[in-house]
Amino acid sequence: MSAAELTLDDVDLENDVFAERIPHETFALLRREAPVHWYDWSGGKGFWCVTKHADLVAVHKDTETFSSEVGATALEDLDDEQIEARKSMLDMDPPRHSRLRNLVAQPFTPRTVRTYETALRELTQVVLDRALPLGEFDFIEEIAKELPIGVPASDTGKLIEWGDGCIGNTDPELTEVLHDSPESEQYRLVPFRSPTALDIFEYGHWLAGQRRSDPRDDLVSKLVHAEVDGEKLTAQEFDTMFLLLVVAGNETTRQAIAHGMNALMEHRDQWQRLDEEPDLLWRTGADEMLRWATPVLHFRRTATRDVELRGQKIRAGDKVVVWYISANFDENVFTDPYRFDVGRSPNRHVVFGGGGPHYCLGAHLAKAELQVMFDMLLPRIADVEPAGPVERMRTNFTNALKRMPVRVTIR
């Protein structure tokens with residue numbers, strides 16, 4: 001079926017679609033004909049799809065009407081027990097969200113992130129020195145996933161693998177217990193219904209024990225010794241916060257780097273622009289890579305009251321899903337949105353959220369990691385070409401590439 005023949009009855013937002021590609025024609029149809037659209041989801045009660053940039057920003061800023069308390073990452077219908085057991089900082093509204101966020105905010109401020117640049121460059125140097133001489137390799141495995149996630153370097157690999165098991169809970173290659181399988185019921189009180197979340201919890205308990213007796217200048221030490229409203233974090237709060245930092249600390253940067261490299265391979269004219277004017281990377285190029293990648297495709301909110309949006313009557317209790325991948329290609333905001341343009345300015349992408357209290361804590365660090373990686377990578381390579389097909393994760397939650405085999409020619 002061509003894009004011109006597509007109708008609202010054809011809208012398909014299930015995982016299998018995203019395992020093939022991003023259905024941009026579907027989101028273009030929704031933005032044009034039904035920017036607030038009810039979708040009958042196969043996994044449970046349906047939800048409202050919010051696909052326009054302006055509406056996404058409005059939903060993000062109005063936490064009183066569009067709450068995160070019933071689950072921000074789960075499309076499934078959660079009962080009260082599941083909501084409380086799985087609740088992380090993402091699944092809270094102010095003021096509790098703000099208090100927990102402030103516990104870990106300082107290392108992610110622009111001023112602090114600038115102090116990391118030397119360390120980032122040293123690590124990136126090691127990664128590139130090891131990977132590039134291989135000539136042919138999986139770009140994601142050897143380069144994109146190798147930046148730090150805040151745990152001992154020797155443990156990074158297993159934490160990333162466990163995190164993939166959580167994010168990839170709908171991909172049979174990445175998990176032994178699919179999210180919608182009968183077996184997942186025993187994990188109903190665990191984030192993502194994923195058994196690997198329990199592995200992350202166990203590791204977090206071990207690391208917390210180390211930091212209680214030997215505090216360091218790191219996030220885990222802050223969490224172990226922190227107090228909110230005069231009380232230590234509960235075990236559940238520590239577990240979900242640690243899992244969030246592990247998973248979110250790698251996913252956005254890894255996918256942005258992978259998609260950025262893939263975009264440059266497909267748009268050689270933009271690679272040449274960065275070659276001729278490397279400052280573009282720092283001014284505008286990294287933001288365009290982020291927009292193009294949109295690593296997190298959507299988040300969920302839940303209406304706390306009856307409200308009308310674009311003429312649609314949303315009822316209290318309805319799920320409202322904001323689609324970043326659609327907002328980042330909104331024709332009303334981005335000129336020629338399907339053109340990859342490393343000089344795009346302005347670039348009002350919503351990769352890190354649409355503002356409000358849930359704006360991504362790690363935004364400045366993720367962008368810095370992306371900038372440093374390409375600033376050091378591009379001068380060292382004369383050419384990169386695909387050495388096989390790109391493989392995508394079977395999920396409609398993240399724009400995740402699993403494999404990206406490449407062949408590199410070093411300068």
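Arg310 is partly exposed, with a relative accessible area of 46%; here buried means under 20%, exposed over 50%, and partly exposed in between, for a 1.4 Å probe and protein chains only. The model before you is predicted, so local features need pLDDT of at least 70 and side-chain atom pairs pLDDT 80 or more, whereas totals for chains, interfaces and linings use all residues. Residues are numbered from 1 along each chain as its sequence is written, and side-chain values use heavy atoms, without hydrogens or water.

Let me stay with Arg310. Its phi is positive, about 55°, although the residue is not a glycine. Where in the chain does Arg310 lie? Arg310 is placed in the loop between β8 (307–309) and β9 (312–314). Helices (H or I, at least four residues) and strands (E, at least two) are DSSP runs, numbered from the N terminus.

A second residue belongs beside it. Phe192 is likewise not a glycine, and its phi is positive at about 65°. The loop that holds Phe192 runs between α9 (156–167) and α10 (195–213). Is Phe192 buried or exposed? Phe192 is buried, with a relative accessible area of 15%.

I turn now to the cis peptide bonds. One of them joins Pro94 and Pro95, with omega at about 10°. Pro95 sits in the loop that links α4 (80–86) with α5 (96–104). Another cis bond connects Ser345 to Pro346. For this bond, omega is about 0°. Pro346, in turn, is found in the loop between α15 (324–327) and α16 (363–377).

My last topic is a sheet. Three strands form an open sheet in the order β4-β14-β11, and their pairing is antiparallel; two strands count as paired if DSSP finds at least two bridges between them. Which strands lie at the edges? They are β4 (136–138) and β11 (381–386), each of which pairs on one side only. In the order of the sheet, β14 stands between β4 and β11.

How many bridges hold β4 to β14? Three bridges join β4 to β14, which covers residues 405–410, and the sense is antiparallel. Within this part of the sheet, Glu136 stands opposite Arg407 of β14.

In summary, I have shown positive phi values at Phe192 and Arg310, cis bonds at Pro94–Pro95 and Ser345–Pro346, and the open antiparallel sheet β4-β14-β11.
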